Amino acid sequence: MSIDLLVQALLNGFGLAMVYVLVALGLTLIFSILEIINFAHGEFYMLGGYVTYYVFAVFGVNYFATLGFAILAVGLAGVVAERLIFRYLRGKTLNAFIVSLGLLWVMQASAQLSFGVLDKPVPSAFSGIVRAFGLVISVERLVVSLSAIVLIAALYLFLRWSRPGRAMRAVAQDADAAALQGVDIELVSALGFGIGCALAGGAGGLLAPVFAVSPAMGALPVVKAFIIIIIGGMGSLPGAVVGGLLLGSVEGLGSLFMGSAAVNVLGFLVVILVLLVRPRGLFGGA
Amino acid sequence: MLELTDLSVHYGTVAAVDSVSVTVAEGEIVAIIGPNGAGKTSTLRALSGLVRPSGGRVMFRGTDISRWRPHRIVALGLSHAPEGRRLFPQMTVLENLRMGAYRRRDRDAVARTLGEVLERFPRLAERRHQPAGTLSGGEQQMLTIGRALMSGPAMLILDEPSFGLAPLLVREIRAIVQSINRERGVAVLLVEQNARMALAVAGRAYVMETGRIVLSGSAAMLRESPHVKAAYLGG
Ligand SMILES: Nc1ncnc2c1ncn2[C@@H]1O[C@H](COP(=O)(O)OP(=O)(O)OP(=O)(O)O)[C@@H](O)[C@H]1O
Ligand SMILES: [Mg+2]
């Protein structure tokens, strides 16, 4: 087997994995701020998909403008969900489990009623392929991956250097202590939840042209995101990126030898292996 | 400057703090001593907004802050160094200190305060780029106090600053508290199980047992009280 083939397989794996990292980063950001797992996270991804379908495919707005709009709209939906529901669930793991499963069901049913149960195809925004160094990648995949990487970098810069980003890191490490330094916890929760959902919405917008849009489209990326988070360690943002790279490379290489159904199982194998060695994931704290 | 009137805190139906009244005047050092579970920390958490009081009133600088959330209380000049240090373990010493000034917008003033704090705690200055989680217990306590000073407070609340420290370090903390009070005119409300230390720095003190204030007065008077001697000063 040639080196080119291996590199090509890795590249294919990484492409989509970067988008799943976006979904995972949102989940883990929300977990680190509110200490809850939002099982309806995939439904915010689905919202991003439908926004993209209507704004881009139906109304014909520019793809990147649509993407920006999807991020904002879904982020806003996240803020509303936090104010109405999740603010009352801070630290209440079990309540959050039940409530967010309920929200998942309500959002999926609402999507079925409003948009129909059938898949809605979103045309590719970009055609053609790029060849370089003996590798081939479609322009669409390239745009999707690079956009995801730009969003990941934006999140990093925001958390590292901005004032609200600093407050988020403080709340993640010790919410009471952050409050005593003058951080408005309610504001940080709403903002953090909104940003987490915005990332999911962006991911939904990026993958809408790759897969079709449907009420149940959130399931696959969320499963991938959970695999990534468990590999990387719950609540760890660097862990999510490394987990995504690991999952992407395993799936990419695996696709050389097996069909896509079998490839989907590989992720779980990696999870089991990682947890055997490090029960809290690669970057999981004590 | 600070006035707690009939303050109560309930967890469920259990009263942890039961009609407690405490005052601290400008520039004063006041201590609350008492055994484990007396309700000292609960009192402090109620007055800085971390728990809702179930009754009573908290006045600070003439404002009723009983129902305020913590971030607004800090902005009013009340700074709380909590029990158990509660640093941001993954942030460096400097980042922790900067978090203490989170609500201050004047960069020059913050830089000045930072300089003062690093001067007061040379050991923190040496370790400014070290993650707080890797500091020794004594250094962590210094950082907790330093972080609380970064907001430029009019009043400082310290919850068991001597906990788990060797006698030499306890004396150092004591000197630091006194010098902050003297040089900056910062009022201090100090909660301690180490009654000897507390009664040595404070001008006045309250003794708290099972949610109530059972004794109060000048530190000199309490040092001579038979009850305090027997229960807190080891006979
Ligand atoms: N979050 C909570 N939920 C329920 N009960 C609590 C909570 N926090 C404190 N308590 C109870 O309230 C009572 C007072 O606790 P508190 O921490 O205020 O005491 P303390 O005087 O600070 O004790 P120590 O000297 O050990 O720190 C205790 O009986 C404690 O178990
Ligand atoms: Mg206590």
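Start with the salt bridges between chain A and chain B: the count is 6. A salt bridge here is a side-chain nitrogen of Lys or Arg within 4 Å of a carboxyl oxygen of Asp or Glu. Select A:D176 and B:R86 to see one of them. Their closest N and O atoms are 3.7 Å apart.

A word on the model. It is predicted: local features need pLDDT of at least 70, side-chain atom pairs count only at pLDDT 80 or more, and totals for chains, interfaces and linings use all residues. Residues are numbered from 1 along each chain as its sequence is written, chains are lettered from A and ligands numbered from 1 in the order in which they are written, and side-chain values use heavy atoms, with hydrogens and water left out.

Now show the whole interface. 20 residues of chain A are in contact (heavy atoms within 4.5 Å) with 23 residues of chain B. The two chains bury about 2100 Å² between them, 52% of it on carbon and sulfur atoms. Buried area is the accessible area (1.4 Å probe) lost on putting two parts together, summed over both. In chain A, pick A:R163, A:L180 and A:Q181: they lose the most area to chain B, together 36% of what that side buries.

Next, select α3 of chain B, residues 93-100. Helices (H or I, at least four residues) and strands (E, at least two) are DSSP runs, numbered from the N terminus. In α3(B), 7 of 8 residues are buried, meaning under 20% relative accessible area with a 1.4 Å probe, protein chains only; exposed is over 50%, partly exposed in between. Among the buried ones are B:L94, B:L97 and B:M99. The buried residues pack against α5 (139-161) and α6 (163-173) of chain A, and against α4 (107-120), α5 (122-126) and α6 (137-149) of chain B.

Move to the magnesium ion, ligand 2. Which atoms coordinate it? They are OG1 of B:T41 and OE of B:E83, at 1.9 to 2.3 Å. Donors are N, O and S atoms within 2.8 Å of the metal (3.2 Å for Na, K and Ca); water is not among the atoms, so sites may look incomplete. B:T41 lies in helix α1 of chain B and B:E83 in the loop between β6 (78-81) and α3, 42 residues apart. B:E83 is partly exposed, at 37% relative accessible area.

Finish on the open sheet of chain B. Its 4 strands run in the order β2-β1-β4-β5, with antiparallel pairing. Strands pair if DSSP finds at least two bridges between them. β2 (14-24) and β5 (63-64) stand at the edges, each with a single partner strand, so one side of each has no neighbour in the sheet. Select β1 (residues 2-11) and β4 (residues 55-60): 5 bridges join them. In that region, B:S8 has B:G55 in β4(B) as its bridge partner.
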